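This report covers a predicted model.

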Amino acid sequence: MSSNTKEFQGKDIAEAIQNACNSLNASQEDLNIEVISTGSSGIFGLCRQNARLRVTLKGENISQEQQPVSEKKARTKKTAKSPKKASRKKKPRKEVTAEPKETLAENNNSEAPHSEHKEYGPEFVSAIQEELLKVLQLMGFPSEVSILQDGNSITGLIQGDNIEGIVGHDGKVLDSLQYLLRKMLSKKLSEKIMLSLDAGNFRASRMKDLEKLGLKLAEEVKENGKTKSIPSLNPSERRIVHMALQEDKDIRSRSVGEGLFKKILIYRPGKGKRNSQAKRRKNKQGQSAG
Amino acid sequence: MKELIHYIATSLVDQPDAVQVNEVEQDDTIVIELTVAKEDLGKVIGKQGRTAKAMRALLTAVAGKSSKKSRLEIME
């Protein structure tokens, strides 16, 4: 390490960075900061540990790769406490500041990194096709498979006589297959792929069905004010329902439950237990954000 | 069915050589016993058992063709 590396301490990361900036007379952007320990505030002021940083002026020979990672870690920890500090940083972050409406954010994780546009090579496509064919054949559902590319997402379209078996009840088998294939392929190709599977026109018709169901229940809710629910939907399906009901100001929809499969409640805003819960949650979010 | 689970499991784990699959048929139930290296247990089970669940869903679909039941047991 170069001789210009110095260690700084502070009660938290933000303060330590500030100390470093002051004593080196440089702005934060000009420093390579490596977090040694994030420190902890302890309990009732006991066992307090200082945050420690190792700081080098930029242009020195220090492994640059280490720096953004550790700095980012520190930041994510601190954002809640010192939002000012965070907003002052200039470097663009890849982190998705995803705390918007739950309804929209739900299944975006599979589509979020759309910003990086990337094409997959032919060897990629054929590997995917091969893998899918192989699994289908082992399942005893030999079918035809075609691969479609749209931006950086890939759709494997399954066709043939066995579609019903492959889709399964409410698409459970197809979803399982999709999940397993994603895992297997990302291991094999050591890269994450946006793979989705479709059989016949199952996805499209499922989407229509869900929208119809959502709108039908919404009508019923509007008529008699009773909360309706759709049981056990996976994230992408919930998203479809939420999107379909988003425009309607007379009713609200939200997901309840634990784990992957949650149910959707469709209700009329107004008094009532459910709504007060929702309000409370909103308040909480507001507090943590500001 | 044995081959299916074997193929999927070997594609998921770090030590494919340690994967062993047994198929036992009891009445109308097909029991698949999957053994993997200890370090790979998590890989075939998955977060919240999601991978295991997905494999079970596939098995159910396959077994359903011959109107049988299936069970996937992950051996420790």
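## Loop residues with positive phi

Gln48(B) sits in the loop between α2 (41-45) and α3 of chain B; helices are DSSP runs of H or I with at least four residues, strands are runs of E with at least two, and both are numbered from the N terminus. Although Gln48(B) is not a glycine, its phi is positive, about 55°. Gln48(B) is exposed, with a relative accessible area of 74% (exposed means over 50%, buried under 20%, partly exposed in between; 1.4 Å probe, protein chains only).

In chain A, Asp170(A) is found in the loop between α6 (163-167) and α7. Asp170(A) is not a glycine either, and has a positive phi of about 55°. With a relative accessible area of 37%, Asp170(A) is partly exposed.

## Tyr179(A)

Helix α7 of chain A (residues 172-188) contains Tyr179(A). Its relative accessible area is 13%, so Tyr179(A) counts as buried. Beyond its neighbours within four places in sequence, Tyr179(A) is in contact (heavy atoms within 4.5 Å) with Arg50(B), Thr51(B) and Ala54(B). The C-alpha atoms of Tyr179(A) and Leu197(A) are 9.3 Å apart, at a separation of 18 residues along the chain.

## Interface of chains A and B

In the interface, 18 residues of chain B contact 18 residues of chain A. The buried area is about 1,800 Å², 72% of it from carbon and sulfur atoms; this is the accessible area (1.4 Å probe) that two parts lose on being put together, summed over both. On the chain B side, Tyr7(B), Arg50(B) and Leu58(B) lose the most area to chain A, together 32% of what that side buries.

One salt bridge is counted between the chains (a side-chain nitrogen of Lys or Arg within 4 Å of a carboxyl oxygen of Asp or Glu). Asp14(B) forms this salt bridge with Lys187(A), and the closest N and O atoms are 2.3 Å apart. On the side of chain B that touches chain A, α1 (2-12) and α3 (50-65) of chain B are the elements giving two or more residues. The most come from α3(B), with nine residues.

## Confidence and conventions

Chain A has an average pLDDT of 73, and 67% of the residues score at least 70; pLDDT is the predictor's confidence in each residue, from 0 to 100. Over residues 60-116 of chain A, pLDDT stays under 50. Where pLDDT is low, predicted coordinates should not be read in detail.

Residues are numbered from 1 along each chain as its sequence is written, and chains are lettered from A and ligands numbered from 1 in the order in which they are written. In this predicted model, local features need pLDDT of at least 70, side-chain atom pairs count only at pLDDT 80 or more, and totals for chains, interfaces and linings use all residues, while side-chain values use heavy atoms, with hydrogens and water left out.
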